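Here's a quick tour of the model, grouped by topic. Have the sequence and the 3D view open as you read.

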Amino acid sequence: MLRRLVAATALGSAIALLFVSTTTAQTNYKVPRLADGHPDFQGFWNNTTYTPLERPKGIDREFFTREEVVEQMKRAAVDEAEQTTPGTVADVHYDFTQFGLDRSQAPLSVNLRTSLIVDPPDGHFPPMTDEGKRLNAARAEARKRAGAITDAAQNQPLSVRCILMDRDGPPMLAGAYNNNYQIVQAPDTVMILVEMLHSPRIIPTNGRPALPASIRQIEGNSRGRWDGDTLVIETTNFTDMFMFAFQGASADMKLTERFTRVSDDTLTYRFTVNDPKVWTRPWTAEVPWKKGVGPIFEHACHEGNYSLTNLLRGAREDEKRAREKKPASN
Amino acid sequence: MKHWVGRACIVAVSAIAVLSLAAPPAYGQARPYRAPRTADGKPNLSGVYQAISEAYWDIEPHSAAPGQVRELGASNAVPGGLGITDGPLPYKPEALAKKRENFAKRITLDPEIKCYLPGTPRGMYMPYPFQIIQTPAYIMIVSSYARAVRTIYMTDQKEAPADSWMGWSNGHWEGETLVIDTTGFNDQSWFDRAGNFHSDQLHVVERITAADADHLSYEATIEDPQTFTRPWKIALPIYRRVEKNAQLLEFNCVPFVEDLIYGSLRKPSSN
Amino acid sequence: MRTTFAVIVALGAWLMAAPLLAHHAFSSEFDIGKPLKLRGTLTKWEMINPHSWFHIDVKGEDGTVVPWLIEGGSPNQLIRLGVTKKNLPIGAEFIIEGYQARDGTNKAVGRNFTLADGRSFLLGGSAPGAAGSDK
């Protein structure tokens with residue numbers, strides 16, 4: 001019964017490769033509109049991608065050819081379907097393929113870009129300021145002082161602690177799987193439900209002012225407006241993120257996200273990070289979001305986070321065993 | 001000719017009869033309120049709301065009582081409450097014993113303390129704002145506490161695929177009332193801080209009606225044949241947050257409970 | 001064409017590195033030195049996040065039944081593919097390959113879930129005849 005569903009998934013991936021959707025707009029596309037005249041972006045979307053944020057070393061083109069990308073995606077699908085080798089660290093894990101969690105099992109856009117960063121044009125972060133370097137050195141120092149990653153829950157990445165994931169951001173970037181979003185639009189409000197951590201991004205589009213600077217939030221404070229047929233979301237009031245900041249950003253980062261629907265099955269998502277404390281100039285990235293399927297099932301991560309308990313307990317057991325092996329000293 | 005007068009009188013009397021048969025909402029004006037409409041012609045319930053009730057401590061009528069944390073003194077003490085239930089909760093005998101145990105051990109057992117999702121209906125009367133975002137196919141109810149999200153499926157309705165904390169909700173309109181039918185609960189959430197609980201057989205039917213521009217009338221029927229001998233009801237008004245720029249602020253409480261949950265597993269003599 | 005090949009290799013290297021962060025956490029939870037193979041019946045699948053848990057009753061050689069808890073992936077994509085708590089093969093016999101928890105309890109992570117008759121339980125997998133094995 002479940003295996004019958006595999007055929008559907010494999011076919012879906014094959015179709016994704018055949019119908020190449022690029023990030024450039026179809027000039028004759030008529031975006032569907034809501035009663036208030038604004039474009040309708042509602043539905044389920046998926047931003048899974050193979051494209052890295054920064055351009056890989058040794059590549060200085062802005063675009064791959066279609067043939068290169070299709071070949072790469074085919075090879076990735078084959079690699080992902082193969083099981084890991086027993087006895088390796090990678091093998092101490094459930095198999096993503098069996099749960100439908102491979103990238104090749106997700107709705108995928110064929111993105112010809114060599115990096116998500118489109119500006120600076122070299123596809124890399126702009127240089128960091130001296131203050132940015134000091135800030136991030138201090139963060140690295142704080143993480144070092146906190147001890148090993150298994151010493152305490154608070155030393156683990158925010159994702160393992162079920163506090164924040166890449167998919168939430170903002171900006172919203174795909175992780176390995178479950179890169180699903182549901183967009184609903186009411187007259188004064190756009191809501192983006194991020195599957196991972198069931199994060200609700202509630203974005204007013206009625207001109208509500210920003211929060212005072214004294215109020216800080218992990219996901220910042222977002223306000224939206226329409227620029228023609230593009231939804232523009234400005235987010236400020238971030239926190240300092242407990243030693244783990246987005247790509248080294250400061251709490252004063254200003255983020256601008258832009259959504260444009262370029263075809264029935266593609267939303268172009270473009271974001272600009274403006275953080276003069278950390279980077280010498282703003283930087284911009286772009287990712288196509290592909291039409292996905294629902295439903296989004298409750299991702300009650302913190303409530304089900306047995307893994308964190310287990311890994312801490314495991315580390316304490318290992319230490320206990322190591323202590324018991326040692327001859328009595330001091 | 002008196003004929004048409006007589007008929008007009010009959011029509012008028014019938015109209016009055018119909019108006020009085022339409023049950024007024026539990027709170028608000030006697031004449032049913034007609035909420036402004038959305039583009040698809042439905043009562044517009046969008047907005048930021050909050051319950052003002054002691055039910056989050058204990059949904060049954062209860063006296064004031066001391067809190068459980070001595071250092072918090074009156075801040076953690078329990079205020080008396082009139083309750084929102086329609087009578088004593090009809091627990092089965094073994095379930096009543098469990099409720100009492102829950103109450104006695106609430107400081108370790110109450111899921112709210114660990115920043116776990118509140119479940120339904122508890123999320124609707126916690127002392128934090130929630131927001132209704134209404135569209136034709138989906139009505140989203142988002143609570144600031146633990147960022148709890150409820151997706152109310154208005155068209156694409158299916159059975160709960162698996163159990164969840166907030167349940168799986170299918171909704172429909174009955175005139176001015178949004179009726180939400182929720183199943184697919186796990187057995188992990190509570191109804192309040194007093195240890196009132198349920199099994200995974202919980203079935204909740206809520207009726208939400210705009211009582212006037214700034215109040216919702218909220219009623220819910222709770223059914224759980226594993227825990228209770230019969231269904232029971234709760235009812236309370238819910239208030240619109242009318243201040244300018246009313247909005248949900250982020251209340252991600254997970255970082256605030258990590259020491260509580262994982263502190264005993266911290267490496268000894270680490271910071 | 002050589003440039004193309006280099007591109008593919010470069011991207012491939014980046015892709016393989018990406019999920020390793022998740023694996024690191026798992027190798028702290030489960031013991032690479034304790035691989036195991038269990039045979040048992042499925043009594044429950046806790047379809048929860050971030051990872052799901054299979055409850056398997058394993059019958060020992062002496063006939064005693066020992067419950068095991070096996071960690072699997074998020075159920076969310078399988079739910080999108082039509083899997084529900086009602087259409088699970090409860091009572092079916094399984095073979096689980098995996099690694100035992102570091103804390104020595106009857107918990108493991110399942111690297112492979114197969115039905116005892118050799119068919120793959122979930123998607124893909126390396127069992128003969130499973131879709132994806134001949135890609």
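## A buried charged pair

Glu319(A) and Arg316(A) are both buried, where buried means under 20% relative accessible area, exposed means over 50%, and partly exposed lies in between (1.4 Å probe, protein chains only). Their side chains meet in a salt bridge at 2.8 Å, N to O; the term stands for a side-chain nitrogen of Lys or Arg within 4 Å of a carboxyl oxygen of Asp or Glu. The two sit three residues apart in helix α4 of chain A, so about one helical turn separates them.

Before going on, some ground rules. This is a predicted model, so local features need pLDDT of at least 70 and side-chain atom pairs count only at pLDDT 80 or more, while totals for chains, interfaces and linings use all residues. Residues are numbered from 1 along each chain as its sequence is written, chains are lettered from A and ligands numbered from 1 in the order in which they are written, and side-chain values use heavy atoms, with hydrogens and water left out.

- Across the whole structure, a search over all chains turns up 44 salt bridges.
- In chain A, Glu62(A), Arg113(A), Arg270(A) and Glu286(A) join up in a salt-bridge network.
- Over in chain B, Asp156(B) pairs with Lys158(B), with the closest N and O atoms 3.4 Å apart.
- Asp156(B) is partly exposed at 38% relative accessible area, and Lys158(B) is partly exposed too, at 37%.
- Glu243(B) forms a salt bridge with Arg241(B), and here the closest N and O atoms are 2.6 Å apart.

**Disulfides**

- There are two disulfides over all chains, counting any pair of cysteine sulfur atoms within 2.5 Å.
- One of them joins Cys162(A) and Cys301(A), with the sulfur atoms 2.0 Å apart.
- That pair ties together distant parts of the chain, 139 residues apart: Cys162(A) is in the loop between α3 (130–146) and β3 (180–186) of chain A, and Cys301(A) is in the loop between β10 (283–291) and α4 (306–325) of chain A. Helices (H or I, at least four residues) and strands (E, at least two) are DSSP runs, numbered from the N terminus.
- The S-S torsion of Cys162(A) and Cys301(A) is about -60°, so this disulfide is left-handed.
- Cys162(A) and Cys301(A) are both buried.
- In chain B, Cys115(B) and Cys253(B) form a disulfide with their sulfur atoms 2.1 Å apart.
- The torsion about the S-S bond of Cys115(B) and Cys253(B) is about 80°, so the disulfide is right-handed.
- Cys115(B) and Cys253(B) are both buried as well.

**Where chain B meets chain C**

- Six residues from chain B and six residues from chain C make up the contact, with contact meaning heavy atoms within 4.5 Å.
- Chains B and C bury about 450 Å² between them, 53% of it on carbon and sulfur atoms; buried area is the accessible area (1.4 Å probe) that two parts lose on being put together, summed over both.
- Two salt bridges are counted between chain B and chain C.
- Lys86(C) and Glu159(B) meet through their side chains in a salt bridge (2.2 Å, N to O).

**Chain B overall**

- Chain B has five helices and nine strands.
- Along the sequence, chain B runs α-β-α-α-α-β-β-β-β-β-β-β-β-α.
- Of its 271 residues, 49% count as buried.
- Among chain B contacts between residues at least 6 apart in sequence, 57% join residues at least 24 apart.

**A look at Val232(A)**

- Val232(A) sits in strand β7 (residues 230–236) of chain A and is buried, at 0% relative accessible area.
- Leaving aside neighbours within four places in sequence, Val232(A) is in contact with residues including Arg223(A), Asp227(A), Thr256(A) and Arg258(A).
- Val232(A) and Pro170(A) are 62 residues apart in sequence and 13 Å apart in space, C-alpha to C-alpha.
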